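Me: I am new to this one. Please show me the structure, and then let us go through it by question and answer.

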Amino acid sequence: MSDAARDIVRNNVRDKLARGEVVASMTVRLARSIEIARIAKSAGFDTIYVDVEHSSLSLETTGQICIAAMEIGIAPFVRVPSTRPEHVSRALDAGALGVIAPHIESAAQAREVVAAAKFPPQGERSAAGPLPHLHYRSFPAAEANAAMNEATMVVVQFETALAIERADEILAVEGVDLALIGTNDLLADLGLPGQYEHSSVREAYTRALAACGKHGKHLGVGGLASRPDLAAAFVRMGARYVSTGTDLAFLLDAASARAKQVRDMAAT
């Protein structure tokens with residue numbers, strides 16, 4: 001057993017991104033128990049994010065799933081319902097290794113998320129006592145805070161034209177690690193719902209990637225589960241995080257395919 005806090009809490013996503021590798025993410029929106037973490041690991045995912053913005057999942061359930069994922073070596077993130085400090089810090093205290101902050105449109109908003117997610121001196125997150133990330137062991141505050149700050153990631157979501165316009169200033173914020181483009185919400189904001197081939201999509205990714213490159217940050221692809229060809233194109237352009245879809249969609253797709261198999265048997 002290591003005696004150093006930073007050796008106990010590790011974030012495999014941060015490590016993969018530092019090596020320039022592509023990260024595969026699964027969204028948890030349906031499952032209510034820890035088995036989903038093992039399923040994600042067995043399927044080959046690097047990370048899961050529990051979507052509390054678009055589900056009725058409780059904080060208690062979210063924490064249990066996060067702890068299970070962390071223990072088997074895939075980083076658990078939480079998409080928080082809002083960027084209020086109580087949503088950010090409680091998700092992290094419960095076991096998340098990062099937060100996905102929705103609807104970020106300014107550097108000021110990004111700084112607020114970082115402040116809530118990071119312990120002093122990087123932020124304003126308050127002491128919560130022994131954390132699951134550190135196996136509930138006690139460490140000197142300076143050591144624990146430094147280890148947690150290093151392992152905890154802040155992901156900001158770009159979901160509007162204004163967010164893309166301000167990508168440079170947002171990604172310049174210290175403590176922001178990655179911007180995740182919500183392609184569907186972006187298209188809706190542009191008045192182009194479902195028009196994935198529109199030039200505005202590539203322009204948005206190009207602009208965000210340029211800002212990421214300038215500030216040493218990373219870009220994520222979201223909302224393109226139905227268009228893996230486009231997701232692959234953006235990965236070739238430099239994106240390094242891919243949100244592949246939800247547990248609900250995976251279950252429904254696989255179940256529908258099996259039911260169709262039986263119908264096809266009966267038709268032959």
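Reply: First, a term: a residue is buried when its relative accessible area is under 20%, exposed when over 50%, and partly exposed in between. Also note that this is a predicted model.

Me: How many residues of strand 6 are buried?
Reply: Strand 6 covers residues 178–182 and is mostly covered. Leu 178, Leu 180 and Gly 182 point one way, and Ala 179 and Ile 181 point the other way. Both sets are buried. The count for strand 6 is five of five.

Me: Which residue of strand 6 is the bridge partner of Gln 157?
Reply: Strand 5, residues 153–158, pairs with strand 6 in the parallel sense. Four bridges hold that pairing. The bridge partner of Gln 157 in strand 6 is Leu 180.

Me: Which residue of strand 7 is the bridge partner of Gly 182?
Reply: Strand 7 takes in residues 218–222. Strand 6 and strand 7 run parallel, joined by five bridges. Within strand 7, Gly 182 has as its bridge partner Gly 222.

Me: Which residue of strand 8 is the bridge partner of Ser 25?
Reply: Strand 1, residues 23–28, has five of its six residues buried. Strand 8, residues 241–246, runs parallel to strand 1, with four bridges between them. The partner of Ser 25 in strand 8 is Ser 243.

Me: What hand has the β-α-β crossover from strand 1 to strand 2?
Reply: Strand 1 also pairs in the parallel sense with strand 2, residues 47–51, over four bridges. From strand 1 the chain passes through helix 3, residues 35–43, to reach strand 2, and the crossover is right-handed.

Me: Which residues of strand 2 point the opposite way from Thr 47, Tyr 49 and Asp 51?
Reply: Strand 2 is mostly covered, with five of its five residues buried. Thr 47, Tyr 49 and Asp 51 point one way. On the other side are Ile 48 and Val 50.

Me: Which residue of strand 3 is the bridge partner of Asp 51?
Reply: Strand 3 spans residues 75–79 and runs parallel to strand 2, with five bridges joining them. Strand 2, helix 4 (residues 59–71) and strand 3 form a right-handed β-α-β unit. The bridge partner of Asp 51 in strand 3 is Arg 79.

Me: Which residues are the closest to the centre of the largest pocket?
Reply: The largest pocket has a volume of about 390 Å³. Its lining is made of 23 residues. Those closest to the centre are Arg 29, Arg 79, Asn 184, Gly 222 and Gly 223.

Me: Which strand gives the most to the lining of the largest pocket?
Reply: By class, the lining has five nonpolar, 13 polar and five charged residues. Strand 6, helix 10 (183–189) and strand 8 each supply at least two residues. The top contribution is four residues, and it comes from strand 8.

Me: How many residues in the lining of the second largest pocket are nonpolar?
Reply: The second largest pocket holds about 220 Å³ of space. It is lined by 16 residues, and the closest to its centre are Gly 129, Phe 139, Ala 141, Ala 144 and Asn 145. The lining has four polar and two charged residues, and its nonpolar count is ten.

Me: Is Thr 206 buried, partly exposed or exposed?
Reply: Thr 206 sits in helix 11, residues 199–215. Its relative accessibility is 40%. Buried needs under 20% and exposed needs over 50%, and partly exposed lies in between. Therefore Thr 206 counts as partly exposed.

Me: How far apart in space are Ala 161 and Gly 223, C-alpha to C-alpha?
Reply: Ala 161 is in helix 8, residues 161–165. With a relative accessible area of 32%, Ala 161 is partly exposed. In sequence, Ala 161 and Gly 223 are 62 residues apart, and in space the separation is 16 Å.

Me: What radius of gyration does the protein chain have?
Reply: The protein chain comes to 13 helices and eight strands. Its C-alpha trace spans about 70 × 45 × 35 Å along the principal axes. With 268 residues, a compact globule would have a radius of gyration near 18 Å. The chain agrees with that, at 19 Å.

Technical notes:
Residues numbered from 1 in each chain as written. Predicted model: local features only at pLDDT ≥ 70, side-chain atom pairs only at ≥ 80, totals over all residues. Heavy atoms only, no water. Buried < 20%, exposed > 50% of the residue type's maximum accessible area, 1.4 Å probe, protein only. Pairing = 2+ DSSP bridges. Right-handed = clockwise from strand over helix to strand, strands pointing away. 1 Å grid on protein atoms, 1.4 Å probe; cavity = no way out; pocket = protein on both sides within 12 Å on 5 of 7 lines; lining within 4 Å. Points joined across faces, edges and corners; volume = space filled by probe spheres on them. Nonpolar A, V, L, I, M, F, W, Y, C, P; charged D, E, K, R; others polar. Rg over C-alpha atoms; globule rule 2.2 N^0.38 Å.
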